[in-house]
Amino acid sequence: MWSLTASEGESTTAHFFLGAGDEGLGTRGIGMRPEESDSELLEDEEDEVPPEPQIIVGICAMTKKSKSKPMTQILERLCRFDYLTVIILGEDVILNEPVENWPSCHCLISFHSKGFPLDKAVAYSKLRNPFLINDLAMQYYIQDRREVYRILQEEGIDLPRYAVLNRDPARPEECNLIEGEDQVEVNGAVFPKPFVEKPVSAEDHNVYIYYPSSAGGGSQRLFRKIGSRSSVYSPESSVRKTGSYIYEEFMPTDGTDVKVYTVGPDYAHAEARKSPALDGKVERDSEGKEIRYPVMLTAMEKLVARKVCVAFKQTVCGFDLLRANGHSFVCDVNGFSFVKNSMKYYDDCAKILGNTIMRELAPQFQIPWSIPTEAEDIPIVPTTSGTMMELRCVIAIIRHGDRTPKQKMKMEVTHTRFFALFEKHGGYKTGKLKLKRPEQLQEVLDITRLLLAELEKEPGGEIEEKTGKLEQLKSVLEMYGHFSGINRKVQLTYYPHGVKASNEGQDPQREALAPSLLLVLKWGGELTPAGRVQAEELGRAFRCMYPGGQGDYAGFPGCGLLRLHSTFRHDLKIYASDEGRVQMTAAAFAKGLLALEGELTPILVQMVKSANMNGLLDSDGDSLSSCQYRVKARLHHILQQDAPFGPEDYDQLAPTRSTSLLNSMTIIQNPVKVCDQVFALIENLTHQIRERMQDPRSVDLQLYHSETLELMLQRWSKLERDFRQKSGRYDISKIPDIYDCVKYDVQHNGNLGLQGTAELLHLSKALADVVIPQEYGISREEKLEIAVGFCLPLLRKILLDLQRTHEDESVNKLHPLYSRGVLSPGRHVRTRLYFTSESHVHSLLSVFRYGGLLDETQDAQWQRALDYLSAISELNYMTQIVIMLYEDNTQDPLSEERFHVELHFSPGVKGVEEEGSAPAGCGFRPASSENEEMKTNQGSMENLCPGKASDEPDRALQTSPQPPEGPGLPRRSPLIRNRKAGSMEVLSETSSSRPGGYRLFSASRPPTEMKQSGLGSQCTGLFSTTVLGGSSSAPNLQDYARSHGKKLPPASLKHRDELLDDQHPVVRLLRSFSSDCTGGRPVSLDATLAHHLHQCSYHLRLFRNWLRSGQDDPECLYGFEGCSMVPTIYPLETLHNALSLRQVSEFLSRVCQRHTDTQAQASAETPKSKQKLPE
């Protein structure tokens, strides 16, 4: 209830009237019963004679605004002041009556909205001269974004860099627009995409954001909210050609907007909401209101709020704030705006407005009044207690998802045209240049065509470049008929004494070689549809790393994270290297993690930060260190010996005695003989592809991801040429590419039925399992040196993330005074996600394995972890290294027991030939033997949030860490009961002993795949095969439809020896469809597909629509091919869960310090600009 002290001079009676044209103040509007007579009203007024004199506060606005819930709530409180009487001018009066007939008032609250006659309000103000809460003349300026930006600039308020395009015939100098593919130039100011295009009229909400072609192009079109939509993605990339606009730099805000509401210069309330540009879906609560959460403003932002309020002379004023790159920018001023659904704000607003009016007008009316003083509200934030620990930080390093095969070509170039290109784009500053933009690739292609034309005219001329290499360069650049930065890139590296002299260590003084450039052309390596599915599903599963969930999220697995993020207690930042496949993986992961909708391009631009500026996640794999050269030379020497591996070879090649390495060497035996077999299989494969191309039935054959047989032949023919050299020796560096290609074709193009691919996969994997890990070092010392060389900036950043447990003011902090149902509004979970390539994942894992984190002879859990890592043969797509930091608030802040660190790992996607061969880890957060019995039922979300009502305070930040597991304990995981969260479903728990039940794992699957312990079972349930694709890859439903049709006789749903019972949801669904289909045609379905449809609501919807269509043509199943053969992702395994923060910090500091001198020396040879690490 509203309550003021006696010193404020309040009464309990509200003086609140509705205006009625020329009849004065009209009738009372609050507390009046319809059946009351005039005499009763007069009697009431005699009983309640208002004190004299009265200050009349007039409300002049459109009815939709003056009768809105926030306005009503505030006016009810405002008119409780003893000396204030509120009247509302009716819309009919405002629109149709002359201002002379409007009721007189001493204070006027008036503001413009659609249809409001601002000119009449200004005339009334001049006639009656009331005290204005919001200045009326300034509201003309607020309607023009150009004027708003001018005023903000004059006040020294930060706003995005902008330019105004005035399409006004009277001002032709302000209408210069030059549009490029990835930029626009407005009156001389260049704005590279992404940029924002705003109409100059503030009443026009059709704001467009244009995205660069490297992120997918197109635009996001924002508009005033319609239902649950506030924007839509469009493939259109060209700017609008009619109308005047403001063009401004796009500010990356991590998907969050902040709305600020002032009430006078000394009060500002801020709320954060999901940015409408992110996916266009408006998040609403159970009452249909847009979900917003109050956040804290920094001292600088409070000063900005004061400046906006004073500059625009609007006591009640709303404006938009963008928090980006550690700064705050104002991007829009809305004028009169109220907060919705905040009783505390209504109290504050009415109190401030009442005090403002009284301070201004009380002396004129000789009313005794003074501003009351109150003690400042102190926010009290409850903390956790007992043995519970608070999750404070999650750091994950993740490899990108499934991609097309990478291809690469190197050539040394010396022509002056290449040097001119190198100089033109600033290559001499660092000695390296990366060309990805279409116009840059076009320049390279133009030079190549000119050189080839000159070589054709004069074959024996001065051009030193090889014709064959130039032809290949031209062929690849002309592929697809257009350029895309994600598909191809050219790298140029300067060698002052030639490439050969630099690589072979020759004396440049003696050789006196001319300088040259190493040109490296890379193409392929695009993220596939399967890769997007992998990343999005892993993002959904990753939610279960975060405990809790309350209210709308109670009982749903993984929704504690959504609760944290939506209440702005989740400080999330996502980084990715500059490779397109890595960035799109990060965007797809974010889509799944935060339950976003729509295209990946807006998510990529707003949520994913590119970290290529300081080498955080990028590395130049073509510029090897001296240690890498030595390692590669030794590796090539050993693998070129035409003899079986002997004891000496094992000592030289596998000094670390890695289990997976020793197993692969056992398979290989004689490396040259195996290479002979691999080469013969490649020759046979190219022969089969050529034969297939001659078949008329294969003319229009489309392979996976729109590849053709011709393109497939090109990549295999190139490997065939490059693998065996003219000398007869094999180029060992091509082995990873061969394995890459055959793995891709076996997984995605298996329907071609090519012979020998299984054997080629087996042999090339054995070779790759030796070559790939050993390229990162053979001995422990070499592995550590090369690893730190790759990921030193990342190690420093991880150290910074762990130590920064108390966030600075740059994050969106939940405001404790205005937050309801949140137990710990002042606490944050800090999440940092780093998406990168294989080199960084290998390197970081090597640091933990060989850097001396723990003494394995003294720590049994670490010894088991090292044994497990030793048995991992491949760090496949979506490999994850996860570090989790917990805080025990019951411990002394300086105690080593205060912070607790856990280290987890997953080798990513299951390989195509790894069924049943994966090494067994210790499970996710394994429990101790004494706690095992009491923990066995914690797999259900009901136990995680027992008996919580929807309005109970949220405990989403708390979890209980588990001590290490005893050796040899059985692990089991009762699956989560059937729940649905967003588009994610998990299979229900069943008993294999129950008659008619179905088992989720076949008899051949060992029970050790199922892990158990507390929260771990949540994570296991969603990381396991039952969610990420079932026991086999998600089927291609178009192929299924072609082979099965819909006219098969009814049959039991059966998978191997497993029967699905009649109550299985998909069984019931299909039975109903069988009777609904045209002609009553029966439907049959195998259990593998049933499992997948149960898990994937999107595909279930497509399949249902196909059934209902009555068509046999499976082409209407378009959309399933994206999930064709999507493999399972291995669950996370805990490497250690009893580390202290001090242990980890000292370890990372020690590793970084040990190699600082070496890195400084390397940096001196190749100077780089020193950059601050991102937050």
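Buried means under 20% relative accessible area. Keep that cut-off in mind for the close-ups below, which come from a predicted model.

**View 1. M884, a buried residue in strand β28.** M884 is found in strand β28. Its relative accessible area is 0%, so M884 counts as buried. Which residues does M884 contact, once its neighbours within four places in sequence are left aside? They are L391, C393, V394, M545, H900, V901, E902 and H904.

**View 2. T831 in strand β27.** Strand β27 covers residues 829-836, and T831 has its place there. Is T831 buried or exposed? With a relative accessible area of 0%, T831 is buried. Not counting residues up to four places away in sequence, T831 touches V394, Y546, H570, D571, L572 and K573.

**View 3. The largest nonpolar core, with 52 residues.** In soluble globular proteins, nonpolar side chains tend to be buried together. In this model, the residues with the most contacts inside the largest core are F542, F589, L833 and F835. Several elements give two or more residues to this core: β20 (389-399), α15 (529-542), β25 (570-576), α17 (580-593), α18 (600-607), β27 and β28 (880-887). Which element supplies the largest share? That is α17, with eight residues.

**View 4. F835 and its contacts.** Leaving aside neighbours within four places in sequence, F835 is in contact with I398, I574, Y575, A576, S577, V582, T585, A586, F589 and L617. There is also a second, separate core, made of 49 residues, and it includes Y730, I735, V742 and A768.

**View 5. Helices α21 and α25 crossing.** Two packed helices are described by the angle between their axes and the distance between the axes. Here, α21 (residues 659-668) and α25 (residues 757-774) have axes that come within 9 Å and cross at roughly 135 degrees. The two helices are therefore oblique to each other. The crossing of α21 past α25 is left-handed.

Notes: Residues numbered from 1 in each chain as written. Predicted model: local features only at pLDDT ≥ 70, side-chain atom pairs only at ≥ 80, totals over all residues. Heavy atoms only, no water. Axes fitted to C-alpha atoms, helices over the stretch in contact; angles between N-to-C directions. Helix = DSSP H or I, 4+ residues; strand = E, 2+ residues; numbered from the N terminus. Parallel < 35°, antiparallel > 145°, perpendicular 65-115°, else oblique. Left-handed = near helix turned anticlockwise from the far one by under 90°. Buried < 20%, exposed > 50% of the residue type's maximum accessible area, 1.4 Å probe, protein only. Contact = heavy atoms within 4.5 Å. Core = buried A, V, L, I, M, F, W, Y, C linked by side-chain atoms within 4.5 Å.
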